[in-house]
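This report covers the ligand sites of one protein model. The sequence and structure are shown first.

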Amino acid sequence: MITEIANKIYLHQKNGKEMDKITNHYPELNVSNAYEIQKVSIDYAIKNGDPLIGWKMGLTSIAKQKSVNVDEPIYGRLTQSMELQTSVLKMEGTIHPRVEPEIAFVLNKPLFGSDITAEDVWNATEYIVPALEVIDSRYKNFSFTLTDVVADNASSSKFILGEKTYSPTYTAWEQINVELYKNGEKVQSGISSDVLNHPVESVVKLVKMISKNGYQLDAGMIILTGGITEAVHVGAGDLIEAHFEGLENMTLRVEK
Ligand code: 0L1
Ligand code: MG
């Protein structure tokens with residue numbers, strides 16, 4: 001059953017086609033099953049030439065956790081085809097994308113174990129960089145239970161990293177105010193402490209969560225720590241601008 005569901009989700013992710021919630025058909029599935037489904041579906045992508053290049057944390061703000069009625073974040077996996085190389089998102093192959101600003105860590109050492117600390121993460125960080133994540137649930141109406149969204153790789157779709165990278169000591173990474181503009185109008189704002197109090201704590205939590213399932217973060221991996229504002233719906237013709245206080249600004253143009 002796990003492999004059958006994982007294959008179906010993989011195909012819907014690859015083709016950008018919406019589907020019914022898996023819990024409609026398999027109500028007995030739990031979150032632990034969902035993480036297995038996530039692993040198997042990403043393994044299909046990897047076997048088909050799309051390597052794992054990172055991990056992400058989702059539901060890292062109290063507001064997002066409340067929206068799914070949970071009190072824990074979730075994690076997902078990032079593969080090479082998800083990384084945008086130019087500031088353009090093509091609507092083709094997406095369903096109902098939303099964009100959110102994040103802080104990303106890039107590692108130079110592996111990180112593992114349930115006793116990991118923030119200091120371990122700082123010591124393993126090559127650089128930090130602003131990012132925009134595009135989330136795009138494969139489920140109809142962007143509506144799901146926790147089990148559904150975990151199986152669907154935490155709604156991962158695309159992401160782009162900023163061009164300018166920063167040292168871990170560059171600034172207070174939990175005090176970055178971010179404003180998100182859509183077509184010139186401010187639509188969201190937030191502060192990076194909304195990401196589990198500090199983005200570094202999101203990496204700590206990620207390592208603890210995946211180590212329970214027998215995984216680790218490898219050197220070179222990109223970690224998206226979680227949305228600093230609510231995610232904003234986008235469609236063809238939209239221009240998103242993210243102003244990260246004290247850092248470079250980022251833009252994303254959405255095309256047909
Ligand atoms: O990156 C995220 O926080 C997304 C987590 C999944 C929930 C959603 O799709 O909003
Ligand atoms: Mg996110």
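The sections below describe the surroundings of two ligands in this predicted model.

## Shell around ligand 1

The residues around ligand 1 are Lys56, Gly58, Leu59, Lys64, Glu100, Glu133, Ile135, Phe142, Phe144, Val149, Ala154 and Ser155. Sorted by class, six of the shell residues are nonpolar, two are polar and four are charged.

Side chains of Lys56, Glu133 and Ser155 each place a polar atom close enough to an oxygen atom of ligand 1 to fall within the 3.5 Å cut-off for a polar contact. The separation is 2.8 Å for Lys56, 3.1 Å for Glu133 and 2.7 Å for Ser155. The protein buries 95% of the 310 Å² that ligand 1 exposes when taken alone.

## Magnesium site

Ligand 2 is a magnesium ion, coordinated through OE atoms of Glu100, Glu102 and Glu133 at 1.9 to 2.0 Å. Along the chain, these donors follow the spacing E-x1-E-x30-E. Glu100 and Glu102 are both buried.

## Residues linking the two sites

Glu100 and Glu133 belong to the shell around ligand 1 and also coordinate the magnesium ion. For Glu133, the side chain additionally has an N or O atom 3.1 Å from an oxygen atom of ligand 1. Glu102 is a donor to the magnesium ion.

Terms used. Residues are numbered from 1 along each chain as its sequence is written. Chains are lettered from A and ligands numbered from 1 in the order in which they are written. This is a predicted model: local features need pLDDT of at least 70, side-chain atom pairs count only at pLDDT 80 or more; totals for chains, interfaces and linings use all residues. Side-chain values use heavy atoms; hydrogens and water are left out. A residue is near a molecule or strand if one of its heavy atoms lies within 4 Å of it. A polar contact is a pair of N or O atoms within 3.5 Å; within protein, one must be able to donate a hydrogen and the other to accept it, and residues adjacent in sequence count only if both atoms are side-chain atoms. Accessible areas come from the Shrake-Rupley method with a 1.4 Å probe; for residues, only the protein chains shown count as cover. Ala, Val, Leu, Ile, Met, Phe, Trp, Tyr, Cys and Pro count as nonpolar, Asp, Glu, Lys and Arg as charged, and the others, Gly among them, as polar. Donors are N, O and S atoms within 2.8 Å of the metal (3.2 Å for Na, K and Ca); water is not among the atoms, so sites may look incomplete. Buried means under 20% relative accessible area, exposed over 50%, partly exposed in between (1.4 Å probe, protein chains only).
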